[in-house]
Structure formats: structure tokens, C-alpha cells
Amino acid sequence: MAAMARVSSGLAYPERFYAAAAYAGFDGSPDSSTKGVSSKFSNDGVLLLYALYQQATVGPCKIRKPRSWSPVEQSKWTSWNGLGNMASTEAMRLFVKILEEEDPGWYSRASNFVSEPAVQVEKNNDTIAEPVTENGIVLLETKTIPAENGNLSEPQDKDVVSEGFGTVGVYDQWVAPPISGPRPKARYEHGAAVIDDKMYIFGGNHNGRYLSDLQALDLRSWTWSKVEVKTAGEASQVQVAPFAGHSLIPWEGNKLISVGGHTKDPAETMQVKVFDLPARTWSTLKTYGKPPLSRGGHSVTLAGTSLVIFGGQDANRSLLNDLHILDLETMTWDEMGTLGVPPSPRSDHAAAVHAERYLLIFGGGSHATCFNDLHVLDLQTMEWSRPTQQGEIPSPRAGHAGVTVGENWFITGGGNNKSGVSETVVLNMSTLGWSIVTTVQGRVPLASEGLSLVLCSYNSEDILVSFGGYNGRYSNEVNVLKPSHKSTLQSKMMETPVPDSVSAVQNATHATRDLESETVTGQEGNIREISVDNIESEPMVSKVEETSERLLAALKAEKEELESSLSKEKLQTLQLKQDLTDAEARNTDLYKELQSVRGQLAADQSRCFKLEVDVAELKQKLQSLESLKKELELLQRQKAASEQALNEKRRQSSGGVWGWIAGTPPDQQDDA
């Protein structure tokens, strides 16, 4: 996330490198290529910047080692020569990276250096920069000169901003820019995102009613306009219901992703909607896997090409602390199992990703309590930890908003069940040290819950833009802050790096801060001097050489590790694609087999039906045979009875006649 913020908030390479070089005072001259370097750099840090600048602008070192007695010239040659055949693009990237680690706010003040010459005298200005040569190195010294009225003026404060931003005059102060156009309805718990110098606002809550409008603020003209959404005319288009408590994420340069949120008739699982800016249509993102439960007040953080969803509150007002990841390349949901102790169930917290590896969760609330705890999840090992916070730890809050600028996490707004939070704070994500940027007074939108905060670039400067919120009343006001990071740099916290830091350059730089010969001038604007004692010249050269070798080894190791990780990811991607192809082939075969089985089953069912019909017919015939058998038996009995009666009748008729003729006695007739 920090890397994405740096890339998206200013110039691209090589312009970004030249801006950084100009800010540090490099003008391409071998004799003056270390002038203007800030006092926070150590000697070897200055020499490393010099070497990287020469490598980026001139190329590999082709000159002979100087035979001069000056240890500075020898150290400069050693640092440059030690870079070998490093590509100029890699040197540019490392130059900017080292400068950002030492001075996170350089880019906010770079515009003061990019277009200015080394020596500039203006009739109406109060300061003049003149080159000063000390110990063989040309430095840039700021002097006070008389103004036209003859009075002496102090050098201009670094916090004063150059003209061109309307009413904004200083850094680290919230101001209201001149807004035009029809303002959106006041709201809170809305979604906000920036694409192409426009801040888009979607949905939210106003007087207990959810909203579904999409508004755009042009960050160049500060003009509001409503985005007219086309009605659903195709099956892929949808009419989006009003939402609140969702997250809005920019995607693919011209799309907005709305993730989750509370709605009047919630679905069982989390819905993901996509708005196509050129087509001006909403659609439902088709996802795979098991999606999370429907919820609002959760956090959605972009880490690489994945969305990390944590916590929130479901439709039954149950608080959650589960973790889900949506891969935007495969559109697949994964519910992640984690190690360690996760944050307690909560909603309305803030989340950020540092160095594309660490997920930070701060604050949030339950139904009755607000939190100010900080939890860190290592996205590689999926293990939760609760590190020790440094500096001025913020008070408990929920409903706050945050954005990252480099390695600094700015957080503003929120509430604690009693009042709104008035401080805007910043967390250095490498040292885990807090400091206060500014404090607002009274019941203002900046001290409210459910406001939004985005990062954008204005005149090549990073600016924070807040909108909306609720602190007893709903707001639709816009406020802007230009971070100078001064509060972070001047914090009195202990600079303890995060365990298992992923920045080898940072660790190597911090390890060499104890070298001697550091002199800091008293006035602001003066540049540190590099003084070398002739007696200790040889140890100085050896220390510089050793430091340069360590830094180069660390950089090479980091590069090799990144290349190895990239190769592994590519191999894993190819393997997944092959597995997907095999699975599709198996799915096709199984489908064909299923169709065959279905055909066989249909044939068997047909035969079974015919057999059932035959059995029914046989049963009917059998019943007919039974009735015929009974009729036959009845006829046989009737026949037997008839025959018996006939025989009896015959006997009686024949015996009586002849007996009468023969004179047979009656008893004999009976015997006969």
C-alpha cells in the first residue's frame, strides 16, 4: 500500500528521480553533487546518494581512482565505483527510495526545488541561496538578505506553501477550498475513492435513510457534479439499492468497486458491485468460492491484487472479527485462518497495508466501547501480533478514516460515544510511533464519525481530502490538508524499527548512524557540513567502503529475493492455470459421463415402466382366471348334482314297473 501511494501521488520515473535529485541539491556537477543534502543524512548516506546520482545520470564509473590526498574525493569514487554495472533505472529507484526513507515528506516540498536554480536572487524575496565550499564539497547555504524596506527578514519557513492552491497557505492545517456546483446531500458512512483527479462519493446515511447517489468532485476546479447512472437495460446491469457502511475501491483505472454495506433488505452474503465510469452502469461482480456474511462497518484494504476484508457488523448487529480475501484476478473468495490472537470483534475501525505485507488494524468499537489498540497481521505467515506503540498514543475512537502517504498513516475524525475526536494523528508504520499533526476546535465535520478521507495529488503535491461525517448533524463539507510530515520527523519517540522489517536498505542505513564527524547548523534551512579530520582519513575511507559494501550486498540480496519471489509467483500462477485447465477437462469428462448415465437411467426407467404395465395386465388376467375357475367349479357341482338326480330318477322308474309285473315283495324292492 505504501508503494502504491507513492507511485500514485506524484511524478513517474524518471521525472520523480530528477525531482528528488533537485530537492536534495544535486545539479549534475561532480564538484557540487552533494550540496543541499538535508542534515538528517549521515556521511555515508550522502556518499551513497552521490554514487546513485552519478550511476543514474552518467553511468558506471569509468574514471580512475583519484590520487588526491582528500579522503572525500576518494570516498566519492569508492562509493560510485562500488555500484558496478547497476542499471540507471535501478539507481534512480534506489535514490528515491533512500530519500523517502530518510525524509518521508520530501515530495510535499519538492515543488520548492524542482524549478529553482542553484542560485536565485529576486528583488521581492527575503532569502538567497549561495554555494559555499567546505572540505572539498560544495554545500548550499541559506542567508538572510535585506528586503526593499531595509528590514531584515528571517529565511522562509519550510511550512509555507507556494502559491497556486487558493486559500491553502500552510502545511499540516485543515482548510476549506472554494467549492462550486450543486453540493451533495449531507451524509456519513459513505464510500469515497479517487480516479483521474476526481473524488467519487457513493451512498451513505442521512437521517436514518440510506442513499444510492454517485457524486463527483473535480479536484482541479473544486466543482461538484452528479454522475448520471444509466438505467438497467441489460441482464448484466443492476439497479443498485441504497447502501451505507460500505467501502469504495478504485479498480482498473476506470471502475469503482463497492464492497458490502448495510441496506434495507440485506442479502445473506456480501455483495460486490462494480460501476463502469465510461459506460455509467452498475453491475454485480461474479465471484467464486464462499463469500463472507453480509455486513457493514468493515474494512476493505487493497493489498496487491487482493482485497482484504476484516470485521464489521452483520445484519443481526452481531460484531465480527473474521478475515476474508477476494482475489481480483480470479474473483475468488477465501476465508483465511490465522495464528495468534486476533483483534476483538469490532466495526468502524481503520485498516492499512504496509510494505505489501503487514495489515494494520487500529481502533473501532463494539456496541458500548471504543478501542485504541493496534493489531498487525503478517499476510505471509497469517499471524496476528499486538506490537508496542510509541509516541502519543491516540485516544479510543470509532468511525475514523485513514490514508497512507509513504510509510505514514494519517488518521482523522471518529468518535468515542461522547464527542467527536478533534486530533488528526499520524503513525509511522516502520517505527510504530504516533504523533499529532493538528487539532481542530469545536464541533466541526473533521471531529465527527463516518467521514471519508482520500489521498490525491494537486500541483504535484500530496493532499488529503475529507468529506461528510456526523457529529450531531450531518455534513457535506470538504476540507483539505497538505501533509509536511514535520510532526512525524520532530516526534520525540524512540525510533525502534518493526521486527522482521522488509526493508534491507532501511536497516542498513540505520545501522550506520553512529559514524562521527556530523555537524548540524543552528538555523533552519542551513545544510549539514561534512567535515573530515586528516588524522582519521583512512579509517573514514575504510568505514565508507565497508558501509557501501554492506548496503550493496543488502540491496542485491533484496533484489534477488524479490526476483525469486516473482519467479515463484509466476510458477505458482502457471501451475494454477494448468490445474484449472485439468479441472476443466475433468469437468467436461464428468459432464459427458453424467449425460451418458442420465441416458441409461432414462432407458431403464422406460423398460421399468413397460414391465409395470405388463405386470398390471398379467394381474388382470390372473383375476379373470380366478373368476373363471370359480365359475367352472360351480358348473361342475351343478353338473354333478344334475347327474345324481337323473340317476336317482332312473332307478326309481325302472324298479317299480318290473316289480309290479313280477310280484316282487316290497322289502326285496328296497334291497334291490
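**Strands, turns and covered residues**

Modeller: The cut-offs are under 20% relative accessible area for buried and over 50% for exposed, with partly exposed in between (1.4 Å probe, protein chains only). This is a predicted model, where local features need pLDDT of at least 70, side-chain atom pairs count only at pLDDT 80 or more, and totals for chains, interfaces and linings use all residues. Residues are numbered from 1 along each chain as its sequence is written, and side-chain values use heavy atoms, leaving out hydrogens and water.

Colleague: Where does Glu 356 lie?

Modeller: Glu 356 sits in the loop between β16 (350–354) and β17 (358–362). Strands here are DSSP runs (E, at least two residues), numbered from the N terminus.

Colleague: And what about the phi of Glu 356?

Modeller: Most residues other than glycine have a negative phi. Glu 356 isn't a glycine, yet its phi is positive, at about 60°. In the hairpin of β16 and β17, with 3 residues between the strands, Ala 355 also takes a positive phi near 60°.

Colleague: How many bridges join β16 to β17?

Modeller: Two strands pair if DSSP finds at least two bridges between them. β16 and β17 run antiparallel and are joined by 5 bridges. One to look up is His 354, whose bridge partner in β17 is Tyr 358.

Colleague: Is β16 mostly covered or exposed?

Modeller: Mostly covered, with 5 of its 5 residues buried. Ala 350, Ala 352 and His 354 point one way from β16, while Ala 351 and Val 353 point the other way.

Colleague: Which loop holds Leu 432?

Modeller: The one between β23 (423–428) and β24 (433–439). Leu 432, again not a glycine, has a positive phi near 60°. With 7% relative accessibility, Leu 432 counts as buried.

Colleague: What is the strand order in the open sheet of 4 strands?

Modeller: The order is β3-β4-β5-β6, with antiparallel pairing. β3 (191–195) and β6 (223–226) are at the edges with a single partner strand each, so one side of each has no neighbour in the sheet. On average, neighbouring strands of this sheet are turned by 25° against each other, direction ignored. For such angles, axes are lines fitted to C-alpha atoms (for helices, over the stretch in contact), and angles run from 0 to 180 degrees between N-to-C directions.

Colleague: How many bridges join β3 to β4?

Modeller: There are 5, and β4 covers residues 198–206.
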